[in-house]
Amino acid sequence: MSKKNERDAITWGAPVIDDSFRLEDGEGRAILDLPCNMIQKVQSTKTDVIIDMKCDEESEHPLLSEIKFAVPTTCKLETKLTGKSKPDTVVQMIKKNMGDSQNHGKLVVEFEDVEVVAPRGTFKLKVFTQGIELLKTSTGGSAEWFLSKKSISTIFLLDDVKSGIEKSKWLCIALKTPIKQGSTNFNCIVLELDGQRPGSWDLELTPELKDVKGASGKNLVSETMEDVPAKVIPQVIQAATGVTILVASKKFEPLACTSSSGREGYLYTIPNCWLFVPQPASLIRFSNIKKVEFEGVLEKANFVFINIIPKDGQKVKYSYANVIVDTPSGPQSQTDMLAEFAREKGIQVSGDVPEKKDDSDSFDSDYSDEQPEKRKKKSQKDKRRKRDE
């Protein structure tokens, strides 16, 4: 029977789970009706079930992100499934009917004890033909997140300068819609990959994966891969997801800085964006930047604020030490280099910084062949212009 507790505004109903999750009152009327294919993740506590909804352009309810409800011990469930508790049983019932929304495809390989910086924890990483899954080791392997191919916008491979361990990498996976842990939304997941201890992994490859080529023209994956995780994991993820991995510019060292919220991290310059890592990682695409302001750029000043003003959204502010670095054209401050680079990207720059100089940028493109093509076209264009002159 359905009843309403007016004081606590709680609605009670019997759960019915098939292609949707419904709560029905005593007369069979739906109090709540959620299509299972719009559920992104479901998990349980001792007394509650928590459902995270897909919040993207395909969602019927774009403003509905999370639903939490209690499952009392007296709740009668018409199922043969038996979980550790009544809430866990409800979770199993929902997962069984999630259908294509949880279509992982074929399992390719598993990586044990992968450190994730944002959100923090040790995870088992499972790579499927339709995406990747992260299972938190500390919770006994219960599924935390499945990231489908369609949910990933960009992947970045960066030097892990924070750990100080040579050849270690950060693999930053930028998402089209954020995932949620507790009350925190994460637009990017940052994996910390070991570059010191080699391992060996056997892969279950489909005919399509066997033919996937990297920027060098060689196959990205093979049935047995032997190397350090910092090399193997990015190659496997790129092959499985089809998302090209971008790397940072060789011209710019990672900029140690502090965000306006007091979090310390590093600002990386990528071909199409700035990326602040590790936690929480922030992706700032150049196409969405309206203006960049530099504060405190005075003669001999060594502490600078950079304000990044987007075309939409809130201003982002970082502070950093204005270090002088050696460049082919002579000593230059990091502020001058950032200002010059921003202008090259067509971004308005203000503050006490020099005028634009004629200098080309170069990017490390071990994974992406997009940048070498652009440089080749630019070089050919320059040659034609000189010949015409």
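Modeller: One definition before the pairs: buried means under 20% relative accessible area, exposed means over 50%, and partly exposed lies in between (1.4 Å probe, protein chains only). This is a predicted model, where local features need pLDDT of at least 70, side-chain atom pairs count only at pLDDT 80 or more, and totals for chains, interfaces and linings use all residues. Residues are numbered from 1 along each chain as its sequence is written, and side-chain values use heavy atoms, with hydrogens and water left out.

Side chains of opposite charge can pair when their charged atoms come close. A salt bridge is a side-chain nitrogen of Lys or Arg within 4 Å of a carboxyl oxygen of Asp or Glu. The structure holds nine.

Start with E223 and K210. Their closest N and O atoms are 3.5 Å apart. E223 lies in the loop between α2 (207–210) and β17 (224–227), while K210 is in helix α2, 13 residues away. Helices (H or I, at least four residues) and strands (E, at least two) are DSSP runs, numbered from the N terminus. K210 is partly exposed, at 37%.

Next, D48 and K68 form a salt bridge, with closest N and O atoms 3.8 Å apart. D48 lies in strand β7 and K68 in strand β8, so the pair ties together parts 20 residues apart in sequence. D48 is buried at 15%. K68 is exposed at 53%.

Last, K126 bridges to E110 at 3.9 Å between the closest N and O atoms. Strand β10 holds K126, and strand β9 holds E110. K126 is buried at 18%, and E110 is partly exposed at 30%.
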